[in-house]
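I opened the notebook to look up a few places in this model. The entries follow in the order I made them.

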Amino acid sequence: MKKKRVAILISGRGSNMRALIEAAKAPDYPAQIVLVFSNVETAAGLQFARQAGIETVAASHKKFATREAFDEFVDAQLALFDVELVCLAGYMRILSNAFARKWQDSMINIHPSLLPAFPGTKVHEQVLAAGAATSGCTVHFVVPELDSGPIIAQATVPVLSGDTPETLAARVLAEEHKLYPAALKLVAEGKVKLENGRAVFSQ
Ligand code: GRF
């Protein structure tokens, strides 16, 4: 089995990145993490990645004149490392259309709600304000529109009375750390593909 070469793009603490790195240590896991990229030079996740012996590149988007120019730089880094699949993991950048289009068959994201419900930010606040009884997380293919690509996998958690955004986030995050490695495995094995704008599963 030839392992797929994966880059993880982060902006912060990188706990999902960590879950992917841990999962990819298994000899039979179909993906290897070859690069962690961050648009935030001080992102805590970078430290963990370096200690795990993974190549990192950090470059602030603020040093680039346009979103397009920054994404071209990111794309060039992905090319340098022969990246085949991209995992967004708490990557707090809106992608340029060109970048999103170029990678759309091969780029996935994790979002801490049951999409299409509650896209965007302040997700757990939105869930609690709506009085939802259930929440969860979603891994989806990335398309140019934010948080709206074809869904690959979801996990649910109950919303409990007395939940705060923090307690709900922690319950969802525990599921994220299981779901993301499982979803990346499906994509890396070619068991789910983006076809005509839909996630199509094979046996
Ligand atoms: C996660 O909740 C993820 O779903 C969202 O951003 C958060 C990132 O957390 N996209 P971490 O950096 O992976 O710990």
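Where does lysine 122 lie? I found lysine 122 in the loop between S5 and H5; helices (H or I, at least four residues) and strands (E, at least two) are DSSP runs, numbered from the N terminus.

Ground rules came next. I noted that this is a predicted model, in which local features need pLDDT of at least 70 and side-chain atom pairs count only at pLDDT 80 or more, while totals for chains, interfaces and linings use all residues. Residues are numbered from 1 along each chain as its sequence is written, and side-chain values use heavy atoms, with hydrogens and water left out.

Entry: I looked up phi of lysine 122 and got a positive value near 45 degrees, in a residue other than glycine. In the loop between strand S5 (107–111) and helix H5 (123–130) I also found proline 116. I noted both for a reason: most residues other than glycine have a negative phi, and most peptide bonds are trans.

Entry: Opposite valine 192 I found phenylalanine 201 in S9. Two residues stand between the strands of this hairpin, and asparagine 196 takes a positive phi near 50 degrees.

Entry: histidine 61. I placed histidine 61 in the loop between strand S3 (56–58) and helix H3 (67–80). Which residues does histidine 61 touch, not counting residues up to four places away in sequence? I listed Asn39, Phe70 and Arg93, with contact meaning heavy atoms within 4.5 Å. The side chains of histidine 61 and arginine 93 are joined by a polar contact of 3.5 Å. Such a contact is a pair of N or O atoms within 3.5 Å; within protein, one must be able to donate a hydrogen and the other to accept it, and residues adjacent in sequence count only if both atoms are side-chain atoms. I also looked up glutamate 41, which is 20 residues from histidine 61 in sequence and 9.9 Å from it in space, C-alpha to C-alpha.

Entry: the two domains. I took domain 1 as 1–103 and domain 2 as 109–203, with bounds from an automatic or database domain assignment. Their contact takes 19 residues from domain 1 and 15 residues from domain 2. I looked for polar contacts across the interface, and the rule finds five residue pairs (both at pLDDT 80 or more). On the side of domain 1 that touches domain 2, strand S1 (4–10), helix H1 (15–23), strand S4 (85–88) and helix H4 (97–102) each supply at least two residues. H1 gives the largest share of that side, five residues.

Definitions and conventions
Pairing = 2+ DSSP bridges.
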